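Hi,

Here is the structure I promised to pass on. My notes follow below it.

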Amino acid sequence: MAPVLALVGATGAVGSVMIDIINARESVPWGEIRLIASARSAGKKLTVRGTEQTVVELSPEAFDGVDIAMFDVPDEISAQWAPVAAERGAIAVDNSGAFRMDADVPLVVPEVNVDKIGERPRGIISNPNCTTLSMMAALGALHREFGLTELVVASYQAVSGAGKEGVDRLYAELEAVAGKGLGVRAGDVREAVAGLGDDSPFPAPLALNVVPSAGSYKGDGWYSEELKVRNEARKILGIPDLKVSATCVRVPVVTTHSLAVHATFAQPVTVEQAHKVFEAQPSIVLVDDPEQQRFPTPADVVGEDPTYVGRVRQALDFTNTLDFFVCGDNLRKGAALNTYEIAEALAPTV
């Protein structure tokens, strides 16, 4: 009998992308796809694979008969309900941060460590943070060939990573500053957006600006997004002592995270070798012609499934080290698609 798939958070932003992904597949392995959401959203009608379906309310009974349950909900909802789904016999694939560093929950990127999906003592598999995930296909492929030893990353993160509130704030700020002929005088942008109030999810204006802060402050100068890059990269790649340092920056882009990666390997690696590794990966698109000014940008990548890689170069003054630039749609591959690919990998096993 074909397995039953449930989508928890079906009416949310990532859930909507998940449904788009399912609808775009040529074929799916599911005998049934069940849509689940909060009581507020229960009863809504959504079309999946050409069939209108009614969203059911999140409850223990909603998981009866479910083989795999994908969770696209906030941390606190996943923390409460993913174990319930597992208790009812489903494998929970969670997109939140609730279980990522739990030793009994594998953190999976199918291109890198799909073998870990069978090691799930709690019946839960976790999806990485979208920032870490954006570079994992590229880093995993290089690590298999050359052995990654050190990683320095600067991220340029889209406001959609902060949810609808972040997107709405950026649009409001852009409207507030548009046409004002702002110069470079300190305070111009702040003055222009002052009328929007102080409830921004960002500690400084995003319009015509960049903000070196992403996530919550964790002390000693570090923000949560930076620590996630370090801790999750170690777990996904299976290198517990990997040297990692990250600086995460919020930029005025709606969707698609970008990362400047500085990676050092145990073995010598050339740009030509790296190109061959990237070109061999079906989930990577290499766009790397600096003479012709061809390289990935968020505007080129938004809405795309693959990770885009470019600006690959030998690091000056560093041995066995490459610098390269990565772009990945943080709502698609960075959240919905990776979760769904984990579910697809599980389907033959349930």
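**Strand pairing and packing**

S2 and S5 (residues 56–57) run parallel, joined by 2 bridges. Strands here pair if DSSP finds at least two bridges between them. Helices (H or I, at least four residues) and strands (E, at least two) are DSSP runs, numbered from the N terminus.

This is a predicted model: local features need pLDDT of at least 70, side-chain atom pairs count only at pLDDT 80 or more, and totals for chains, interfaces and linings use all residues. Residues are numbered from 1 along each chain as its sequence is written, and side-chain values use heavy atoms, without hydrogens and water.

S2 (residues 32–37) is largely enclosed by the rest of the structure, because 5 of its 6 residues are buried (under 20% relative accessible area, 1.4 Å probe, protein chains only). S2 also pairs with strand S1 (residues 4–8), parallel, over 5 bridges. There, alanine 6 is partnered by arginine 34 in S2.

Now the open sheet. Its 6 strands come in the order S10-S9-S11-S14-S13-S12, with mixed pairing. The edge strands, S10 (243–250) and S12 (284–286), each pair on one side only. S13 (residues 307–314) and S14 (residues 321–328) are antiparallel, over 5 bridges. Valine 309 has valine 326 in S14 as its bridge partner. Helix H7 (residues 224–237) packs on the sheet and touches S9 and S10 (contact: heavy atoms within 4.5 Å).

Best wishes

How values were computed
Axes fitted to C-alpha atoms, helices over the stretch in contact; angles between N-to-C directions. Buried < 20%, exposed > 50% of the residue type's maximum accessible area, 1.4 Å probe, protein only.
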